[in-house]
Amino acid sequence: MKRKTMPYFLMAAPALALFFLFHTYPLLQGIFYSFTDWKGYGDWDFVGFKNYLNVFQDKRAWDAYLFTFKFAVVSTILVNVISIIVALGLNAKIKFRKSLRAVYFMPNILSILIIGFIFNFIFAHFLPDMAKSLGFEALSKNILGDPDLAWIGIVIVSVWQAVAFNTILYLAGLQTIPSDLYEAAVIDGAGKWKMFWTVTFPLIAPFFTINMVLAMKNFLMVFDQIMAMTGGGPGTSTESISLLIYRGGFSGGEFAYQSANAVIYFIIILVVSIAQIKFLQKREVEL
């Protein structure tokens, strides 16, 4: 090894060792156990691809996949639409712009579990009590206790918490657009909507790609919000894949089976992320 490269190697080696110890090694260990019948304790035997085949025949796993993707798609769209609108507002020449940016970012620094418990109280007591006093029967019940509506409550909280981070990224993108492009658009007689659609949106396309991929990936891995708000219920109506893997693997004696489920889910998230990047990068333009 050349003397010039030695310092770089020595600086990177501890980080690489820690990454391998706490990320790569557990991943390889999980893949290994997915080919066994290990319950998390005791002896085990190799079972080949039996666990993987059983995942595809498990109705509870299918329901969890369906709920997770429905939740992730709806939340990703809502987060990006709201984030763009908020970012455009915060990028405009308004009073208290810097203070408002700090206020909008606050949800992102709060604990997801604390936010979940607070909104659990709001949905269970505050909103129903207020709706009853105002005579709104449609909102007079706890939606988290309804199997058909509970996922909407989780979407509301997740989107509210995630908008802050995505808004910051869109704000960073808006700062990169030269003002003379807007001046040229005004001279050409472009209105607000046309200016956004032909100037702003194409030029923040790389940030749109990043936000879409990160939001989709994070929502597909939803766990904390569900644990804090519904625990996967009522019944299993809001049980996500991450929650199913956690419960089955660590308290249900299905360590090897859920390891196979985790490997499958890892591959699915990887494929979805790559497909998103490939598709969205086609519409990006360079300044």
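Mentor: We'll take charged pairs, then aromatic rings. Keep in mind that this is a predicted model.

Trainee: How many salt bridges are there in the whole structure?
Mentor: Four, from a search of the whole structure. Side chains of opposite charge can pair when their charged atoms come close.

Trainee: Which residue does K59 pair with?
Mentor: D63. The closest N and O atoms are 2.9 Å apart.

Trainee: Where do K59 and D63 sit?
Mentor: In helix α3, residues 59–91. They are four residues apart, so about one helical turn separates them.

Trainee: And is K59 buried or exposed?
Mentor: K59 is exposed, at 60% relative accessible area. D63 is partly exposed, at 34%.

Trainee: What about D146, which partner does it have?
Mentor: K141. That salt bridge is 3.0 Å, N to O. D146 is buried, with a relative accessible area of 16%. K141 is partly exposed, at 44%.

Trainee: Why does D146 count as buried at 16%?
Mentor: Because buried means under 20% relative accessible area, and D146 has 16%.

Trainee: Next one. What does R247 meet?
Mentor: The side chain of E239, in a salt bridge of 3.5 Å, N to O. E239 is buried, with a relative accessible area of 1%. R247 is partly exposed, at 28%. There is a network here too: salt bridges with shared partners join R60, E239 and R247.

Trainee: Switching to rings. How many aromatic pairs?
Mentor: The count is 24. Take Y33 and W44: they form an edge-to-face pair, 6.3 Å centre to centre, with 85 degrees between the planes.

Trainee: Where are Y33 and W44 in the chain?
Mentor: Y33 is in helix α1, residues 6–33. W44 is in the loop between α1 and α2. They are eleven residues apart, and the pair links distant parts of the chain. Y33 is buried, at 14% relative accessible area, whereas W44 is partly exposed, at 32%.

Trainee: How are F119 and F123 arranged?
Mentor: Tilted, with 40 degrees between the planes and 6.2 Å centre to centre. Both lie in helix α5, about one turn apart. F119 and F123 are both buried.

Trainee: Last thing. What sits over the ring of W151?
Mentor: The charged end of K70, 4.6 Å from the ring centre.

Notes
Residues numbered from 1 in each chain as written. Predicted model: local features only at pLDDT ≥ 70, side-chain atom pairs only at ≥ 80, totals over all residues. Heavy atoms only, no water. Helix = DSSP H or I, 4+ residues; strand = E, 2+ residues; numbered from the N terminus. Buried < 20%, exposed > 50% of the residue type's maximum accessible area, 1.4 Å probe, protein only. Phe/Tyr/Trp six-rings, centres within 6.5 Å; stacked < 30°, edge-to-face > 60°. Lys NZ or Arg CZ within 6 Å of the ring centre and 35° of its normal.
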